[in-house]
Number of protein chains: 2
Amino acid sequence: MRVQLTVAYDGTNYHGWQLQPNGITIESVLNQALFDLLGETITVTGASRTDAGVHSLGNLAVFDTNTRIPAEKLSYALNQRLPEDVVVQESKEVPQDFHPRRCASRKTYEYRILNRKFPDPTRRRNTYFYHYGLDVQKMKEAAQYLVGEHDFKSFCSIHTSAETTVRTIYGIEVKQEGDLILIRVTGSGFLYHMVRIIAGTLILAGNGQIAPEHVQEILKKKDRSAAGPTAPALGLTMIGIEMEDVF
Amino acid sequence: MRVQLTVAYDGTNYHGWQLQPNGITIESVLNQALFDLLGETITVTGASRTDAGVHSLGNLAVFDTNTRIPAEKLSYALNQRLPEDVVVQESKEVPQDFHPRRCASRKTYEYRILNRKFPDPTRRRNTYFYHYGLDVQKMKEAAQYLVGEHDFKSFCSIHTSAETTVRTIYGIEVKQEGDLILIRVTGSGFLYHMVRIIAGTLILAGNGQIAPEHVQEILKKKDRSAAGPTAPALGLTMIGIEMEDVF
């Protein structure tokens, strides 16, 4: 059967999702736990190959197995074999032809900025500490120019292998919660570093270095150097993925 | 001059606040950073000697120094010398006769319970994961019996050296925020393990093992074994201390 895992992790101690010749990754610890549990050599396929340091509440991993353990019991058994910073939230059987990166989906990421005078050590692992004042209203205005279908070439790392840089953003919510500024982006898919470059650009709008409407110019230029810096990985969390019209 | 530091820390990697013959403590890293910065052998006095694994957003540390560096600049200079899990939030001069444990004060602690099916690895360091269902309304009811001046002997570790076990709780707020249940307690001072035993007892009220009004009986018994278990340290954060009528 084909099984889908919903996987949460604290990315601090991992070299990202994808298998690496050197360094431990989320994929490698999942493959290892599956081998320990099932005695099968399994390579999971991830929906979102998050970078080193990026966190997740709801990434998806899919694999095939011959086990007779019911799919929904696998979460409990895997969690006993996984390190404490990787936790399966759900396991379930999916159709044999389901592939998590070839299906239409809505992915949601959240970028978390801690905007205060001094760092808060209890939140240092999953927020980006930013000391200067930010105008959240300006960040909201700037974000709205990104909603819709656009060529996001300016918001894509030059180290990309994507065939097209056109993507659709369904919505961006910029929200202040105390000293946290949360940027929640939902889209059809994201280019390499895209959410982190969006966060870095919204920070420029928030601190006054660019006007909110300048985001339109950045999109038009189709040039990575026109956008803001890539915000640090630790502020980013993959929230979840909704698959459309599959089950 | 006498200086007061407001100190935030992630207690995960520390053997508590107080100097220990073996093991690194918050006090020891503060003393070391002060020595590095000022060249003076300084022993800070803490307002709240938190246990191993307990976190803080606003603990206070007081010390005397001959430095000419203005008190309010010390925070920046110390943070450059402190590890990333201990951060001074404010430094200021206080009266020469000020002692952080001999003044009337209101201390606030928060106990954070993560109540969901599986652990969330991104919040594993500062929440107590509790899997079974909790009735927050019952926890609120139970909490109200603790407000006021009481003999909290039942809510005090037997390993205490306190002269009296009478304390005043000014307020307890029990609040649900998504999958988090937050217990925020403000009091004149707390006995050894008192907030963690309160949390452990409110959990018993929340899961139905005791009726909310049974908290009255627990208080009356003046016996540690009458109350609930001591909830784990990692869920506890010292939020802050207000000194009364001092400055």
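**Confidence**

The model is predicted. Begin by colouring chain A by pLDDT: the average is 95, and 99% of the residues score at least 70. For the complex, the predictor reports an ipTM of 0.89 together with a pTM of 0.92.

**The interface**

Display both chains and select the residues in contact across the interface. On the chain A side there are 25 residues, and they touch 25 residues of chain B. Between them the two chains bury about 2000 Å², with 56% of that area on carbon and sulfur atoms.

Turn now to the polar features of the interface. Eight residue pairs, with both residues at pLDDT 80 or more, are in polar contact between chain A and chain B. Colour the secondary structure of chain A to see which elements take part. Strand E1 (2–9), strand E3 (55–64), helix H2 (74–79) and strand E4 (86–94) of chain A each give two or more residues to the side that touches chain B. E4(A) gives the most, with four residues. Colouring that side of chain A by residue class shows 10 nonpolar, seven polar and eight charged residues.

**B:Arg124 and its partners**

The rule finds four salt bridges across the interface of chain A and chain B. To view a salt bridge in detail, select A:Glu84 and B:Arg124, whose closest N and O atoms are 3.2 Å apart.

B:Arg124 lies in the loop between strand E5 (105–115) and strand E6 (128–130) of chain B. Is B:Arg124 buried or exposed? Its relative accessible area is 15%, so B:Arg124 counts as buried, the cut-off being under 20%.

Then show what surrounds this residue. Apart from neighbours within four places in sequence, B:Arg124 is in contact with A:Asp10, A:Glu84, A:Asp85, A:Arg125 and B:Leu234. Within chain B, the side chain of B:Arg124 also reaches the backbone oxygen of B:Pro121, at 2.9 Å.

**A:Ala104 and the residues it meets**

Move to A:Ala104, in the loop between E4 and strand E5 (105–115) of chain A. A:Ala104 is partly exposed, with a relative accessible area of 48%. Which residues does A:Ala104 contact, leaving aside its neighbours within four places in sequence? They are A:Glu242, A:Met243 and A:Glu244. Draw a distance between the C-alpha atoms of A:Ala104 and A:Glu244: the separation is 5.7 Å, although the two residues are 140 residues apart along the chain.

Finish with backbone geometry. Most residues other than glycine have a negative phi.

Select A:Lys222, where phi is near 50°, a positive value. A:Lys222 sits in the loop between helix H5 (214–221) and strand E10 (236–243) of chain A. Its relative accessible area is 42%, and A:Lys222 is therefore partly exposed.

The last stop is B:His193, with phi near 70°, which is again a positive value in a residue other than glycine. Look for B:His193 in the loop between strand E9 (180–187) and helix H4 (194–206) of chain B.

Key:
Residues are numbered from 1 along each chain as its sequence is written. Chains are lettered from A and ligands numbered from 1 in the order in which they are written. Side-chain values use heavy atoms; hydrogens and water are left out. Contact means heavy atoms within 4.5 Å. Buried area is the accessible area (1.4 Å probe) that two parts lose on being put together, summed over both. A salt bridge is a side-chain nitrogen of Lys or Arg within 4 Å of a carboxyl oxygen of Asp or Glu. A polar contact is a pair of N or O atoms within 3.5 Å; within protein, one must be able to donate a hydrogen and the other to accept it, and residues adjacent in sequence count only if both atoms are side-chain atoms. Ala, Val, Leu, Ile, Met, Phe, Trp, Tyr, Cys and Pro count as nonpolar, Asp, Glu, Lys and Arg as charged, and the others, Gly among them, as polar. pLDDT is the predictor's confidence in each residue, from 0 to 100. Buried means under 20% relative accessible area, exposed over 50%, partly exposed in between (1.4 Å probe, protein chains only).
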